[in-house]
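This report looks at side-chain contacts in one protein chain. Please keep the sequence and the structure in view while reading.

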Amino acid sequence: MGKLEFSNSYTESTELIGYNDDILINVLIRLPGKSLMRFRNVSKHWLSLISSPYFSRCLNQIPIFPSAIFLRMQPSLNKLKYHFLSLDRNPVREPSVRSFTFVDDPAGIRILQSCNGLLLCCSNNRLGEYNRNYYIYNPTTHQYTTLPKPDNRTQSPNTIFGVILAFDPLKSAHYKVIFVRSSETSPHLYQLEIYSSETHQWSFSSEISKVNNFSQGVYCCGGIHWRNNSGPFLRFDVHQERFQEIPMPKIPDDWNQQTKCRYFGECGGRLHLILTSCKHSTRQFDVYEMKNDFSGWFVKCRVDLNALISANPKMTQSNCHASDHWDYHAFTVLAIVVGEGSGQGSSLPFMVLHVPGKVITYSFKDKTFTLLHDFAPDCTDIEGCTTFEYDDAYPYITTLAIV
């Protein structure tokens with residue numbers, strides 16, 4: 001009788017969840033993206049529920065963090081491919097290799113930016129920006145949209161200097177794409193051209209001077225940030241369409257302003273920056289984080305790579321002298337993860353590094369490192385030189401956002 005009562009109770013609970021959409025949604029939004037994709041096949045009702053805009057909005061209200069990264073490989077015959085590296089701490093020999101074929105683009109597809117689960121992509125042709133197609137792609141649902149060409153463009157080709165995607169699912173289901181292009185009024189200015197997925201229209205915003213590197217902007221907390229190698233950073237508030245200057249971190253006097261940007265990126269609504277100097281060893285460096293009021297930076301943590309370098313002697317480049325601190329130790333910061341994502345069971349936050357032949361994670365908490373992926377024996381590194389830069393890595397975040 002006890003087993004029968006348990007069976008009846010289990011059946012009643014199952015039916016209660018199965019026929020109550022509110023309870024079912026509260027359960028489903030806590031599942032990994034792969035599980036959600038499979039559960040769409042349970043029934044027509046589940047397919048309709050998981051595919052609905054309401055479910056997507058509910059899912060987007062839960063902060064999520066990267067579970068993998070797309071790592072751009074060296075092009076072969078002009079066709080770009082990407083390693084798909086899971087951020088699970090179980091090392092693998094062979095990562096999955098992906099090329100994006102969601103649209104038949106003869107030039108192939110290049111990722112320009114990852115923003116809260118959506119990818120900004122473009123044609124990989126080099127025939128001029130005017131003829132290049134731009135796409136917003138959701139790698140979780142495999143949906144994409146092609147951005148329309150602006151009707152009011154009067155400029156000649158090759159006038160686009162940067163393209164940035166601004167998407168924050170915690171604030172809106174819609175996104176904006178910002179083009180930095182030549183101004184029509186002055187050769188000394190740039191102009192912002194903005195596409196809205198809500199209105200499907202283009203508009204112009206303020207003009208700005210040509211002082212920043214607009215090819216590598218980072219979206220974070222409602223604003224686009226561009227770094228400057230020798231002066232203040234620039235922030236553009238996407239909603240208010242207003243600019244703000246942010247001072248650089250205080251650089252020690254003996255650096256002589258000779259810095260290298262090792263990393264500039266966002267995770268979990270936090271903006272991070274790593275700078276190193278040509279006059280100081282890269283065994284130790286600071287990770288800066290943007291203040292909440294965007295007034296400047298503070299040191300989030302200090303990194304010490306001595307143990308990692310001792311365990312990986314190939315990081316010490318044999319073709320460099322020890323006095324050449326700038327590139328004496330070969331490594332690239334691929335990502336900084338500040339929150340717990342799918343598959344993460346260890347202490348957070350952590351940093352993802354590429355060292356010759358390997359991708360490893362470095363724990364900010366206990367200063368330990370863990371092998372994430374081993375490229376050997378097919379490693380293409382030569383004399384300890386890394387084959388990836390930080391802008392070759394694009395975080396993957398599960399989202400059902402509609403593009």
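One aromatic cluster is made up of F70, Y82, F84, F100, F102, Y135, Y137, Y144, Y394 and Y396. Rings of Phe, Tyr and Trp (its six-membered ring) count as a pair if their centres lie within 6.5 Å; planes under 30 degrees apart are stacked, over 60 edge-to-face, and the rest tilted. By this rule there are 23 aromatic pairs. One of them joins Y195 and W202, a tilted pair with 5.4 Å centre to centre and 50° between the planes. Y195 and W202 are both buried, where buried means under 20% relative accessible area, exposed over 50%, and partly exposed in between (1.4 Å probe, protein chains only).

The model is predicted: local features need pLDDT of at least 70 and side-chain atom pairs count only at pLDDT 80 or more, while totals for chains, interfaces and linings use all residues. Residues are numbered from 1 along each chain as its sequence is written, and side-chain values use heavy atoms, with hydrogens and water left out.

The largest nonpolar core has 35 residues, of which F264, W297, L305, M351 and L353 touch the most other members. Such a core is a set of buried Ala, Val, Leu, Ile, Met, Phe, Trp, Tyr and Cys residues joined through side-chain atoms within 4.5 Å. Another core lies apart from it, with 33 residues, including L118, I136, I208 and F214.

Salt bridges are the next topic. A salt bridge is a side-chain nitrogen of Lys or Arg within 4 Å of a carboxyl oxygen of Asp or Glu. The whole structure holds five salt bridges, among them these:

| Pair | N to O distance |
|---|---|
| D392 and R72 | 2.5 Å |
| R270 and E289 | 3.1 Å |
| K300 and E289 | 3.8 Å |

Through shared partners, R270, E289 and K300 join into one network. E289 is buried, with a relative accessible area of 2%, whereas R270 is partly exposed at 36% and K300 is partly exposed at 40%. In the remaining pair of the table, D392 counts as buried at 10% relative accessibility, and R72 is buried at 13%.

Charged ends also sit over rings, meaning that NZ of Lys or CZ of Arg is within 6 Å of the ring centre and within 35 degrees of the ring normal. The charged end of R235 is over the ring of F294, 3.6 Å from its centre. The charged end of R262 is over the ring of F331, 4.5 Å from its centre.
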